[in-house]
Amino acid sequence: MAVSAASIKAFAPVFASISDGIITTWIAYAETALAAATFGTVHDQAVTFWVCHRLTATGGDGSSAAATGPETSRHVGDVGVSHAANDSMTGVSTDVASLKTTAYGQALIALMRRYRGAVCV
């Protein structure tokens, strides 16, 4: 079964209002970026998670960053504390580290661990 705009919208109805053209563009990119030989029978699932991650991270239209990284500061009234964000992804590309910013990206990381070896700590 090939991934389509319709299958993305069925999997994640939150993207129902996103144009099929935008979703199809992300699918085309994902299908070349995520090697079918690597993921085997779960390639469509990997593509689906990646497309949903990108739609979430870009606000759906690619124009804004909707997802955020780890919390680095917190304020209560006039008192605040800041700390370094440690994502424990040493040696892994920024692209993979960014997957941690959405639930869909985290699901893809789980597939990557299972089908590509332990790429994340």
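The model is predicted: local features need pLDDT of at least 70, side-chain atom pairs count only at pLDDT 80 or more, and totals for chains, interfaces and linings use all residues. Residues are numbered from 1 along each chain as its sequence is written, and side-chain values use heavy atoms, with hydrogens and water left out.

**Overall layout**

The chain contains six helices and two strands. Helices (H or I, at least four residues) and strands (E, at least two) are DSSP runs, numbered from the N terminus. In sequence order the pattern is α-α-α-α-β-β-α-α. Of the 121 residues, 33% are buried, where buried means under 20% relative accessible area, exposed over 50%, and partly exposed in between (1.4 Å probe, protein chains only). The accessible surface of the chain is about 7100 Å², and 57% of this surface belongs to carbon and sulfur atoms. These areas come from the Shrake-Rupley method with a 1.4 Å probe; for residues, only the protein chains shown count as cover. Among contacts with a separation of 6 or more, 51% join residues 24 or more positions apart; contact means heavy atoms within 4.5 Å.

**Helix H4**

Helix H4 covers residues 43-57. Its 15 residues reach 21 Å from the first C-alpha to the last, close to the 21 Å expected at 1.5 Å a residue; the expected span is 1.5 Å times one less than the number of residues. Eleven of the 15 residues are buried, so H4 is mostly covered. Among the buried ones are His43, Phe49, Trp50, Cys52 and His53. Thr48 also belongs to H4 and is buried, with a relative accessible area of 11%. Beyond its neighbours within four places in sequence, Thr48 is in contact with Val3, Ile8 and Phe11. Leu55, leaving out residues up to four places away in sequence, touches Ile8, Phe15, Ile18, Ile22, Ile23, Trp26 and Gly60. Just after H4, Gly59 has a positive phi of about 75°.

**The nonpolar core**

A nonpolar core is a set of buried Ala, Val, Leu, Ile, Met, Phe, Trp, Tyr and Cys residues joined through side-chain atoms within 4.5 Å. The largest one here has 26 residues, and those with the most contacts inside it are Ile8, Ile23, Phe39, Trp50, Val51, Leu55 and Leu108. Helix H1 (5-11), helix H2 (20-33), H4 and helix H6 (103-116) each supply at least two residues of this core. H4 gives the most, with seven residues. In soluble globular proteins, nonpolar side chains tend to be buried together.

**Aromatic pairs**

Rings of Phe, Tyr and Trp (its six-membered ring) pair if their centres lie within 6.5 Å; planes under 30 degrees apart count as stacked, over 60 as edge-to-face and the rest as tilted. By this rule there are five aromatic pairs.

| Pair | Centre to centre | Angle between planes | Class |
|---|---|---|---|
| Phe11 and Tyr104 | 6.3 Å | 55° | tilted |
| Phe15 and Tyr104 | 6.0 Å | 45° | tilted |

Phe11 in helix H1 and Tyr104 in helix H6 are 93 residues apart, and their pair links distant parts of the chain. Phe15 lies in the loop between H1 and H2, so its pair with Tyr104 ties together parts that are 89 residues apart in sequence. Phe15 is buried, with a relative accessible area of 6%, whereas Phe11 at 42% and Tyr104 at 22% are partly exposed. Phe11, Phe15, Phe49 and Tyr104 form one aromatic cluster.
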